[in-house]
Number of protein chains: 2
Amino acid sequence: MKIVCMKSDLQNSVNISFRAVSSKTTMPILECIEITVTDNFIKFTSNDMEIGIETIVKGEIIETGDVAINAKLLSDIIRKLPDSEVCIETDLNYTVTITSGKSKFSIPAKISDEFPSLPEVEKTDALVLSQFSLKELVRQTVFSISDSENNKIMTGELFEVNDNKLRVVSLDGHRISVRRIELKNPFRNIKVIVPGKTLNEISKILSGEMDSEVRIYFTDKHIIFEFDDTMVLSRLIEGEYYKVDQMLIRDYETKVTVNKKEFLDSIDRATLLVKESEKKPIIISIRDNEMGMEMVSNLGSMNESIDIEKEGSDLMIGFNPKFLMDALRVIDEEEISLYMMNPKAPCFIKDKEESYIYLILPVNFNSTARQ
Amino acid sequence: MKIVCMKSDLQNSVNISFRAVSSKTTMPILECIEITVTDNFIKFTSNDMEIGIETIVKGEIIETGDVAINAKLLSDIIRKLPDSEVCIETDLNYTVTITSGKSKFSIPAKISDEFPSLPEVEKTDALVLSQFSLKELVRQTVFSISDSENNKIMTGELFEVNDNKLRVVSLDGHRISVRRIELKNPFRNIKVIVPGKTLNEISKILSGEMDSEVRIYFTDKHIIFEFDDTMVLSRLIEGEYYKVDQMLIRDYETKVTVNKKEFLDSIDRATLLVKESEKKPIIISIRDNEMGMEMVSNLGSMNESIDIEKEGSDLMIGFNPKFLMDALRVIDEEEISLYMMNPKAPCFIKDKEESYIYLILPVNFNSTARQ
């Protein structure tokens with residue numbers, strides 16, 4: 001096998017492949033990137049048994065063949081080579097020589113036969129999104145998946161298609177995030193749970209451009225994302241997702257409209273007083289035209305008030321400040337509305353069209369104990 | 001005590017004070033910044049018993065007094081406040097109220113009587129440098145102090161004045177760094193050992209501007225740096241510094257002139273193959289017009305050659321790549337010269353005027369074992 005590529009092209013492809021390289025594994029072959037060179041293309045494959053990535057590399061094919069190379073070492077070497085042509089060549093002993101200018105690396109490689117090939121999956125019709133939309137959908141929901149493996153379903157996100165609407169949902173038992181977008185073309189109904197890890201990794205590869213598209217294919221057990229010269233294949237999480245609709249209540253007693261940045265900055269300041277291990281609520285007192293924010297901890301106390309528009313009753317309610325901040329950080333609107341019922345019922349942050357809904361459960365606080 | 005300052009001024013002063021706040025201490029008072037307000041000034045003092053810092057804060061004095069506030073909490077609060085006026089006020093119970101706009105923090109503080117005052121030191125004549133020069137001198141030498149407390153003297157740097165020359169020296173048993181600059185005015189002869197920690201902290205506060213000056217005062221036990229509105233006082237390290245001059249040999253058998261960046265990049269690439277715990281030398285083969293670089297480790301091997309100008313004999317010599325890189329990184333010149341005697345004698349990297357000298361000891365390598 002022998003190829004000649006520009007350093008920048010190699011680096012780009014290695015970075016993409018890296019997202020599906022196992023970092024913790026007892027199988028050294030999974031720490032490798034497989035390079036496959038045929039008469040027609042140069043392909044990098046990586047596979048951590050959850051996610052698999054194939055990406056086509058620009059370059060000159062001098063000799064076909066294949067080999068598996070430790071991904072970290074390959075990445076380190078390519079990153080540090082000068083910005084010019086790089087030649088990668090294998091010999092009969094599976095030693096890989098990487099040459100650029102007067103610099104030459106020799107590293108041991110592995111026979112690619114050991115490398116676990118990606119499952120063959122039949123691709124039928126594709127759901128098409130812009131890279132921008134997919135990246136945004138993930139950013140705006142993935143923070144509220146659960147990171148505990150105790151409940152596998154909560155570690156994924158629901159991708160649900162109804163006609164021309166795609167809805168993405170995540171929840172962790174304390175909060176629910178929902179984003180909804182319209183598709184350009186109607187698509188068959190779909191309801192799958194995509195691992196949060198897959199979505200996080202995909203996000204890091206997507207360019208996020210409006211003009212570039214992602215084609216998404218669904219099978220019983222897999223989801224495939226195709227974009228640019230790259231294909232990402234992931235297992236789906238098996239099982240039935242939570243019935244979210246019945247949790248999304250539309251009644252409210254109190255509606256507050258507030259400047260998002262002021263609200264976020266204020267909560268951010270309050271969290272100064274909370275050590276990481278502590279769980280201290282921020283207590284919000286909603287009155288006419290004004291919302292009081294209060295935090296009391298062992299370190300001290302904070303009091304602050306923000307101008308608001310209020311509809312309905314006054315209310316005092318406590319929240320885990322992190323949950324509020326997580327949601328506020330991913331909302332792009334300058335003004336947001338909160339809908340609440342009482343101090344024990346969930347709070348909804350959402351826009352009129354419900355293109356986003358963030359449900360956050362309040363926390364108990366003892367208002368007399370704070371005195 | 002009551003003062004009103006701009007957030008940015010407070011933040012700047014807290015950042016400076018922070019450099020002398022103890023991070024590991026059993027005395028909570030040393031985690032504080034002392035605020036002293038007199039009729040004439042607002043002063044922040046910090047003191048970790050090695051270094052003490054006093055800095056004058058811009059602001060309006062409303063009521064005199066003093067208090068000690070936990071530095072981290074004060075810093076966190078000020079950083080997150082909006083960019084406007086901030087009022088800091090104490091009450092009779094030593095509760096500090098920090099107010100900005102509609103935001104109000106209340107935190108407990110300490111009586112400043114507990115705060116260890118800085119030693120009174122008589123300042124006589126000052127050695128004057130630009131902030132730029134001092135910052136550069138430190139950057140270019142401080143990397144080769146020893147971080148082991150086993151040999152206290154090696155944890156400091158020699159500051160030596162002879163007439164109108166200031167020489168700064170650091171060494172750790174494997175290498176010596178020497179920088180020398182000319183002073184605008186002659187100064188009395190000085191030979192003191194300044195703790196490396198002091199120099200590192202000072203570096204972080206110095207603006208590094210050519211036009212701003214630093215006045216340095218020396219006493220038997222202390223060194224004082226005065227610049228802008230800040231005074232940094234540090235203990236000196238007691239003892240006799242190493243006799244460096246007899247180690248700085250001027251004979252050589254081989255002189256190599258090489259492009260610094262090419263040389264540095266090449267060593268940097270070679271270190272890819274070395275894991276942190278390993279000690280693998282880079283082996284340099286000096287021939288006419290060409291310098292071969294070789295690294296062999298368990299991960300693989302690297303070979304590379306760089307164009308050089310050579311004077312004298314051919315030579316094969318091994319180095320700890322880190323030591324070479326540390327020196328090369330702080331040299332600003334595009335071309336550098338190496339002076340060597342044999343594979344067991346130190347290598348010198350220096351300019352003609354000896355404004356800088358970097359001595360690096362070679363390491364043994366077994367050239368047959370590498371085959």
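This is a predicted model: local features need pLDDT of at least 70, side-chain atom pairs count only at pLDDT 80 or more; totals for chains, interfaces and linings use all residues.
Let's see how domain 2 and domain 3 of chain A sit against each other. On the domain 2 side, 13 residues make contact, and they meet eleven residues of domain 3. Which strand gives the largest share of that domain 2 side? It's β13 of chain A, residues 175–182, which contributes six residues. If you sort the domain 2 side by class, you get four nonpolar, four polar and five charged residues.

Now, helices. Two packed helices are described by the angle between their axes and the distance between those axes. In chain A, have a look at α5, residues 260–271, and α6, residues 321–330: their axes come within 10 Å and cross at roughly 145°. That crossing of α5(A) and α6(A) is left-handed. Who's touching whom? From α5(A) you have, among them, Phe263(A), Leu264(A) and Ile267(A), and from α6(A) there are residues including Leu324(A), Met325(A) and Leu328(A). Counted by class, this contact has eight nonpolar, one polar and three charged residues.

Over to chain B. Here α1, residues 7–18, packs on α2, residues 71–80, at an angle of about 150°, and the axes are 10 Å apart. Angles over 145 degrees count as roughly antiparallel, so that's what we call α1(B) and α2(B). The crossing of α1(B) and α2(B) is left-handed. The contact includes Leu10(B), Val14(B) and Phe18(B) from α1(B), with Leu74(B) and Ile78(B) among the residues from α2(B). The classes for this contact of α1(B) with α2(B) are six nonpolar, three polar and two charged residues.

Last bit: the two chains together. How many residues does each chain put into the contact? Chain A gives 21 residues, and chain B gives 21 residues. On the chain A side, α2 (71–80), β9 (103–108), α5 and β21 (300–307) each supply at least two residues. By class, the chain A side has eight nonpolar, six polar and seven charged residues.

And here's something to find on your screen: β21(A) pairs with strand β9 of chain B, residues 103–108, in the antiparallel sense, over four bridges. Within that pairing, look for Met302(A), which stands opposite Phe105(B) in β9(B).

Note on methods
Residues are numbered from 1 along each chain as its sequence is written. Chains are lettered from A and ligands numbered from 1 in the order in which they are written. Two residues are in contact if their C-beta atoms, placed from the backbone, lie within 7 Å. Ala, Val, Leu, Ile, Met, Phe, Trp, Tyr, Cys and Pro count as nonpolar, Asp, Glu, Lys and Arg as charged, and the others, Gly among them, as polar. Axes are lines fitted to C-alpha atoms, for helices over the stretch in contact, and angles run from 0 to 180 degrees between N-to-C directions. A crossing is left-handed if the near helix is turned anticlockwise from the far one by less than a right angle, and right-handed if clockwise. Angles under 35 degrees count as roughly parallel, over 145 as roughly antiparallel, 65 to 115 as roughly perpendicular and the rest as oblique. Two strands pair if DSSP finds at least two bridges between them.
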